[in-house]
Amino acid sequence: MSIEIRNVGKRFGEFHALRDVSLDIDPGELVALLGPSGCGKTTLLRIIAGLETADTGSIFFSGEDTTGVHVRERQVGFVFQHYALFRHMTVFENVAFGLRVKPRAQRPRESEIRTKVHELLRLVQLDWLAERFPSQLSGGQRQRIALARALAVEPKVLLLDEPFGALDAKVRKELRRWLRRLHDELNVTSIFVTHDQEEALEVADRVVLMNAGRVEQVGSPQDVWDHPVSPFVYGFLGDVNLFHGRAHEGEVLLDGLQLPSPEHAFANNAKACAYVRPHDLEVERYSPGAGVDSAGRPRGIVVQLARAIVVGPIARLELIAADDTPTPAKSAGLAPSDAVIEAQIPAQQFRDMGLREGETLVVTPRRARVFVENG
């Protein structure tokens with residue numbers, strides 16, 4: 001089933017939860033609504049489900065306007081963050097519940113319900129827990145039962161609101177992989193809400209980045225990571241260093257440091273911000289002339305190594321711009337807004353260089369994404 005969201009708006013008092021949101025979701029697609037708390041992603045999910053009513057706009061399921069259709073008639077399965085299982089019912093009874101409360105004319109026979117419930121429990125790999133109660137299950141098991149219950153009524157659309165938010169990191173990772181495999185097997189049009197960018201990028205076919213009630217960007221995980229369309233998207237997806245400066249005729253000047261910015265060839269001394277991923281910073285020891293190009297212009301940032309965190313194959317370096325190093329590179333005066341620069345290098349390189357906390361280094365951006373500020 002396809003879903004078309006057209007110009008949806010929603011306010012709670014003076015708070016604009018959604019502002020003119022439009023979005024198309026293809027049949028069988030797994031889409032992540034990603035963004036910070038309060039951005040409107042859960043409100044949009046609840047409007048699609050029929051649990052909230054939009055102030056403006058419409059929701060279409062495969063071309064049919066469902067805006068005024070009651071939640072019971074939408075054939076939507078909903079999975080909540082905190083499971084919402086019935087504590088007084090066994091696992092089997094929880095999964096069977098949606099089938100048993102159907103109108104008599106649509107309700108399957110009891111033998112059919114039993115067969116279907118056992119099939120679903122096998123699908124979520126928990127058929128051996130059918131007679132247990134929710135209190136006897138782990139968090140990950142409860143969430144899989146909640147998903148089986150949502151699937152029991154054969155929904156045309158599956159909606160999941162922070163489905164793994166209450167679980168620890170290891171269980172979350174296991175369930176992310178499991179959900180992706182399950183979706184590929186069932187091919188039900190699915191939308192899940194998350195504030196975890198790793199979760200969205202790992203699981204979804206497409207990611208919808210939301211901010212302040214608006215859709216900022218829609219694309220495949222690789223596309224939104226490689227080609228962020230706004231400072232918000234760049235800053236939200238993963239660790240990043242932010243620098244401020246000016247863009248002029250294809251170059252960006254960051255407090256003295258010049259970097260090419262051909263996409264802004266027509267900028268005329270415009271305010272700009274540059275984003276640099278930690279792994280896009282080249283790290284070398286400071287020496288006279290380090291961080292300076294062949295024309296003597298600063299191309300690097302003189303820093304001191306404040307802290308090194310080496311875990312597994314990556315060394316994370318926390319760096320502070322040096323205040324008193326007399327060098328042309330330091331005259332750039334470059335520092336991110338939070339005063340800490342983060343760089344990532346292979347752990348083996350860190351060991352080979354023999355770096356020590358307190359040392360003076362030079363970091364040079366290999367790649368920066370520059371955005372020119374309007375006005």
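**Note on cavities, helix contacts and the main pocket**

1. The lining of the largest cavity divides by class into seven nonpolar, three polar and no charged residues. Here Ala, Val, Leu, Ile, Met, Phe, Trp, Tyr, Cys and Pro are nonpolar, Asp, Glu, Lys and Arg charged, and the others, Gly among them, polar. The model is predicted: local features need pLDDT of at least 70 and side-chain atom pairs pLDDT 80 or more, while totals for chains, interfaces and linings use all residues. Numbering runs from 1 along each chain as its sequence is written, and side-chain values use heavy atoms, without hydrogens and water.

2. Two cavities of 30 Å³ or more are present in the structure. On a 1 Å grid over the protein atoms alone, a cavity is a set of points where a 1.4 Å probe fits but cannot get out; lining residues have an atom within 4 Å of a point. Volume is the space filled by probe spheres on points joined across faces, edges and corners.

3. The largest cavity holds about 60 Å³ of space. Its lining consists of Leu147, Leu151, Leu158, Leu179, Leu182, His183, Leu186, Asn187, Val188 and Ser190. Helix 4 (139-152) and helix 5 (169-186) are the elements that give two or more residues to this lining. With four residues, helix 5 gives the most. Helices (H or I, at least four residues) and strands (E, at least two) are DSSP runs numbered from the N terminus.

4. The second largest cavity has a volume of about 30 Å³. Lining it are Val79, Gln143, Arg144, Leu147, Leu160, Phe164, Leu175 and Trp178. At least two residues come from each of helix 4 and helix 5, and helix 4 has the largest share, three residues. The lining comprises six nonpolar, one polar and one charged residues.

5. Which way do helix 4 and helix 5 run relative to each other? Their axes come within 11 Å and cross at roughly 20 degrees, which means that helix 4 is roughly parallel to helix 5. Contact (heavy atoms within 4.5 Å) involves Gly140, Gln143, Arg144, Leu147 and Leu151 of helix 4, together with Val171, Leu175, Trp178, Leu179, Leu182 and Leu186 of helix 5. These residues split into eight nonpolar, two polar and one charged.

6. Roughly parallel is under 35 degrees, with angles from 0 to 180 degrees between N-to-C directions and axes fitted to C-alpha atoms over the stretch in contact. Helix 2 contributes Val91, Asn94, Val95 and Leu99 to the contact, and helix 4 contributes Ile145, Ala148, Arg149 and Ala152. By class there are six nonpolar residues, one polar and one charged.

7. The largest pocket contains about 930 Å³ of space. A pocket is an open set of points with protein on both sides within 12 Å along at least five of seven lines. Of its 26 lining residues, Val71, Arg72, Val76, Gly98 and Val153 lie nearest the centre. Strand 6 (76-79), helix 2 and helix 4 are the elements giving two or more residues to the lining, and strand 6 gives the most, with four. By class, the pocket lining has 16 nonpolar, four polar and six charged residues.

Definitions and conventions:
Parallel < 35°, antiparallel > 145°, perpendicular 65-115°, else oblique.
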